[in-house]
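This briefing walks through a few local features of the structure shown below, grouped by topic. Please read it with the sequence and the model side by side.

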Amino acid sequence: MNKAELVDAVAHRANVTKKEADAVISAALEIIVEEVASRDESGEPKGKVTLVGFGSFEARKRKEREGRNPKTNQKMLIPESIVPAFTAGKSFRDAVAGEKS
């Protein structure tokens with residue numbers, strides 16, 4: 001499902017126009033990105049968005065590590081980075097697994 005299909009489904013289920021559904025979905029996604037991308041005074045990730053039953057979006061710090069160039073097989077150092085992460089909530093995990101909650 002892409003964003004246009006999601007907008008159609010939300011508009012149908014919520015009985016609103018596609019334009020209204022698109023505005024709400026776009027605003028929600030922008031807010032999640034802004035919050036997860038936020039940093040504290042020292043530059044550390046601080047934002048987290050939790051939707052109970054669905055899951056949590058947050059930024060995680062990935063430590064510096066050693067990797068290999070797949071073309072040359074030469075060792076290289078991969079620098080520390082901050083990456084987005086999603087952890088599914090229990091209801092979401094159960095629904096995907098086919099369990100009744």
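F54 is partly exposed in this predicted model, its relative accessible area being 38%.

**Aromatic rings**

- Searching the whole structure gives five aromatic pairs, and one of them joins F54 to F57, whose ring centres are 6.4 Å apart with the planes at 35°, so that this pair is classed as tilted.
- F57 is itself partly exposed, at a relative accessible area of 22%, a value that stays out of the buried class because that class requires under 20%.
- F57 also pairs with F86, the ring centres being 4.8 Å apart and the planes at 50°, so this pair too is tilted.
- Because F57 belongs to strand β2 (residues 55–62) and F86 to strand β5 (residues 81–88), their pair ties together parts of the chain that are 29 residues apart in sequence.
- F86 counts as partly exposed, with a relative accessibility of 34%.
- Through ring pairs, F54, F57, F86 and F92 are linked into a cluster.

**The sheet**

- Three strands form an open sheet in the order β1-β2-β5, and their pairing is antiparallel.
- Strands β1 (48–51) and β5 are the edge strands, each of them pairing on one side only, and the twist from one strand to the next averages 25°.
- The antiparallel pairing of β2 with β5 extends over eight bridges, and E58 has A85 of β5 as its bridge partner.

**Helix α2**

- Helix α2 (residues 18–37) lies across β1 and β2, and its direction makes an angle of about 35° with β2.
- The 20 residues of α2 span 28 Å from the first C-alpha to the last, which is close to the 28 Å expected at 1.5 Å a residue.
- Which residues of α2 are buried? They are A21, I25, S26, I32 and V36, and because they fall within an arc of 125° when seen down the helix axis, they line one face of α2.
- As a general point, an α-helix has 3.6 residues a turn, so residues three or four places apart point the same way.
- The buried residues of α2 pack against α1 (3–14), β1 and β2, whereas the face turned away from the buried side of α2 carries the exposed residues K19, V24, I31 and E34.

**The loop residue R39**

- R39 is found in the loop that runs between α2 and β1, where it is partly exposed with a relative accessible area of 35%.
- Leaving aside residues up to four places away in sequence, R39 touches E44, P45, K46, A59 and I82.
- R39 and P79 are 40 residues apart along the chain, and their C-alpha atoms are separated by 19 Å.

How values were computed
Residues are numbered from 1 along each chain as its sequence is written. This is a predicted model: local features need pLDDT of at least 70, side-chain atom pairs count only at pLDDT 80 or more; totals for chains, interfaces and linings use all residues. Side-chain values use heavy atoms; hydrogens and water are left out. Rings of Phe, Tyr and Trp (its six-membered ring) pair if their centres lie within 6.5 Å; planes under 30 degrees apart count as stacked, over 60 as edge-to-face and the rest as tilted. Buried means under 20% relative accessible area, exposed over 50%, partly exposed in between (1.4 Å probe, protein chains only). Helices (H or I, at least four residues) and strands (E, at least two) are DSSP runs, numbered from the N terminus. Two strands pair if DSSP finds at least two bridges between them. Axes are lines fitted to C-alpha atoms, for helices over the stretch in contact, and angles run from 0 to 180 degrees between N-to-C directions. Contact means heavy atoms within 4.5 Å. The expected span of a helix is 1.5 Å times one less than its number of residues. The arc is that of the directions from the helix axis to the C-beta atoms.
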